[in-house]
Amino acid sequence: MQRAFLRTRWLSFRYAFAGIAYVFRTQKNAWIHALATLLVVAMGLWLKISATGWAVLILTIAVVWSAECFNTAVEATIDLVSPQKHPLAKIAKDTAAAGVLFAAIGSVGVGLFLFGPPLYEKVISLF
Ligand SMILES: Nc1ncnc2c1ncn2[C@@H]1O[C@H](COP(=O)(O)OP(=O)(O)OP(=O)(O)O)[C@@H](O)[C@H]1O
């Protein structure tokens, strides 16, 4: 019973990692997100942001990655059920892409509020 439970949990993780690998293989945006993730984590370390700042940053990174993964899932589902052009297929793909755009715009806002003031202080201290 316990072994079966652990085995199914382990398989769930493996499926999720296969999903991540698929996103990286097929979505050019994923590499942009990866670069942005590395950059903001480096900025957070450099600017020594607060624990609350890290919490907001981690949540923001997770929201963007989740949106990209759901967008990829919608694209794959639409390609499966509607390989031919269809207005509803277009709506599904376009709105899923809009979800990623919202997350990306929000993340830029978070970055400005989180890094703007300490970055300003750093620059001012140079002069
Ligand atoms: N079956 C379809 N029916 C109608 N329009 C479609 C269909 N498939 C794609 N489109 C249109 O083409 C756009 C791009 O779809 P596509 O599947 O190529 O996504 P994508 O370019 O891979 O997106 P991303 O670059 O975000 O991964 C969609 O947003 C939609 O407007």
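This is a predicted model: local features need pLDDT of at least 70, side-chain atom pairs count only at pLDDT 80 or more; totals for chains, interfaces and linings use all residues.
Start with the helix pair. Helix α2 covers residues 28-47 and helix α3 covers residues 51-81, and their axes come within 11 Å of each other, crossing at roughly 175°. Angles over 145 degrees count as roughly antiparallel, so α2 is roughly antiparallel to α3. On the α2 side, the contact is made by Asn29, Ala30, His33, Thr37, Val40 and Gly44, while α3 puts in Gly53, Trp54, Leu57, Ile61, Val64, Trp65 and Glu68. Sorted by class, that contact comes out as seven nonpolar residues, five polar ones and one charged one.

Now for the ligand. Around it sit Gln27, Asn29, Glu75, Ile78, Ser82, Lys85, His86, Ala89, Lys90, Lys93, Asp94 and Ala97. Asn29 turns up here and also in the contact between α2 and α3. Both α3 and α4 (87-126) supply at least two residues each to this shell, and α4 gives the most, with five. The class make-up of the shell is three nonpolar, four polar and five charged residues.

One member of the shell, Glu75, gets a closer look. This residue lies in helix α3, and an unreviewed UniProt entry places a "binding site" feature there. Is Glu75 buried, exposed or partly exposed? It has 17 C-beta neighbours inside 10 Å, so it counts as partly exposed; being buried would take 20 or more, and being exposed 12 or fewer. Setting aside neighbours within four places in sequence, Glu75 is in contact with Lys93 and Ala96.

How values were computed: Residues are numbered from 1 along each chain as its sequence is written. Axes are lines fitted to C-alpha atoms, for helices over the stretch in contact, and angles run from 0 to 180 degrees between N-to-C directions. Helices (H or I, at least four residues) and strands (E, at least two) are DSSP runs, numbered from the N terminus. Angles under 35 degrees count as roughly parallel, over 145 as roughly antiparallel, 65 to 115 as roughly perpendicular and the rest as oblique. Two residues are in contact if their C-beta atoms, placed from the backbone, lie within 7 Å. Ala, Val, Leu, Ile, Met, Phe, Trp, Tyr, Cys and Pro count as nonpolar, Asp, Glu, Lys and Arg as charged, and the others, Gly among them, as polar. A residue is near a molecule or strand if its C-beta atom, placed from the backbone, lies within 6 Å of it. UniProt positions are given in the numbering used here, feature names are shortened, and annotations may be inferred rather than shown by experiment.
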